[in-house]
Amino acid sequence: DYFKQSTTRLLFIADRLVTMTLDMYKEPQRMVEDISALGLRHVGYGIPTDLFGPFVTACVQVIRTLTDDDKAEEAFRWSLSL
């Protein structure tokens, strides 16, 4: 019910997710503000917060198919769990 969007929009979201993950390590102070605002927007959209965990898990599973580097995977997971 929550991902009824075009493929183009979903690809944009995925790209933005990876960019924000990298930015968390480059500009942590700015990203804390951005992530807080993003979380509030999603709550405002009516997205249940209990879906955040499964979303993070799904994203990490995709990254796991792209790398064997356990530290990279853990860093990705950490940045999404903030």
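# Salt bridges and a helix crossing

Mentor: Glu73 counts as buried, at 11% relative accessibility. The model is predicted. Let us start from this residue.

Trainee: How far apart are N and O in the salt bridge of Arg77 and Glu73?

Mentor: The cut-off for a salt bridge is 4 Å, nitrogen to carboxyl oxygen. The side chains of Arg77 and Glu73 meet that rule. Their N to O distance is 3.1 Å.

Trainee: Is Arg77 buried, exposed or partly exposed?

Mentor: Buried needs under 20%, and exposed needs over 50%. Arg77 has a relative accessible area of 27%. That value falls in between, so Arg77 is partly exposed.

Trainee: How many salt bridges does the count come to?

Mentor: Others form a network, with Asp23, Glu27, Arg30 and Asp34 linked. By the 4 Å rule, the count comes to six.

Trainee: Take that network. How far apart are the closest N and O atoms of Arg30 and Glu27?

Mentor: Both residues belong to the linked group. Arg30 counts as partly exposed at 31% relative accessibility, and Glu27 counts as partly exposed at 38%. Their closest N and O atoms are separated by 3.0 Å.

Trainee: Now the helices. At roughly what angle do the axes of H1 and H4 cross?

Mentor: H1 covers residues 7-26. Its axis and that of H4 come within 9 Å. H1 is roughly perpendicular to H4, because angles of 65 to 115 degrees count that way. The crossing angle is roughly 95°.

Trainee: Which residues of H1 make the contact with H4?

Mentor: Begin on the H4 side, with Ala75, Phe76, Trp78, Ser79 and Leu80. The residues of the contact divide into seven nonpolar, two polar and no charged. From H1 come Leu17, Thr21, Met24 and Tyr25.

Trainee: Which residues does Ser79 touch, not counting residues up to four places away in sequence?

Mentor: Ser79 lies in helix H4. Ser79 is buried, with a relative accessible area of 6%. The residues Ser79 touches are Thr21, Met24 and Tyr25.

Trainee: Which residue has a backbone oxygen 2.9 Å from a polar atom of the side chain of Ser79?

Mentor: Stay with the H4 side of the contact, which includes Ser79. The residue in question is on that side too. Its name is Phe76.

Trainee: Which backbone oxygen does the side chain of Ser36 reach at 2.9 Å?

Mentor: Ser36 is found in helix H2, residues 28-44. Ser36 is partly exposed, with a relative accessible area of 42%. The side chain of Ser36 reaches the backbone oxygen of Val32.

Trainee: What distance separates the C-alpha atoms of Thr7 and Arg77?

Mentor: Thr7 has its place in helix H1. Thr7 is exposed, with a relative accessible area of 58%. Along the chain, Thr7 and Arg77 are 70 residues apart. Their C-alpha atoms are separated by 24 Å.

Key:
Residues are numbered from 1 along each chain as its sequence is written. This is a predicted model: local features need pLDDT of at least 70, side-chain atom pairs count only at pLDDT 80 or more; totals for chains, interfaces and linings use all residues. Side-chain values use heavy atoms; hydrogens and water are left out. Buried means under 20% relative accessible area, exposed over 50%, partly exposed in between (1.4 Å probe, protein chains only). Axes are lines fitted to C-alpha atoms, for helices over the stretch in contact, and angles run from 0 to 180 degrees between N-to-C directions. Helices (H or I, at least four residues) and strands (E, at least two) are DSSP runs, numbered from the N terminus. Angles under 35 degrees count as roughly parallel, over 145 as roughly antiparallel, 65 to 115 as roughly perpendicular and the rest as oblique. Contact means heavy atoms within 4.5 Å. Ala, Val, Leu, Ile, Met, Phe, Trp, Tyr, Cys and Pro count as nonpolar, Asp, Glu, Lys and Arg as charged, and the others, Gly among them, as polar. A polar contact is a pair of N or O atoms within 3.5 Å; within protein, one must be able to donate a hydrogen and the other to accept it, and residues adjacent in sequence count only if both atoms are side-chain atoms.
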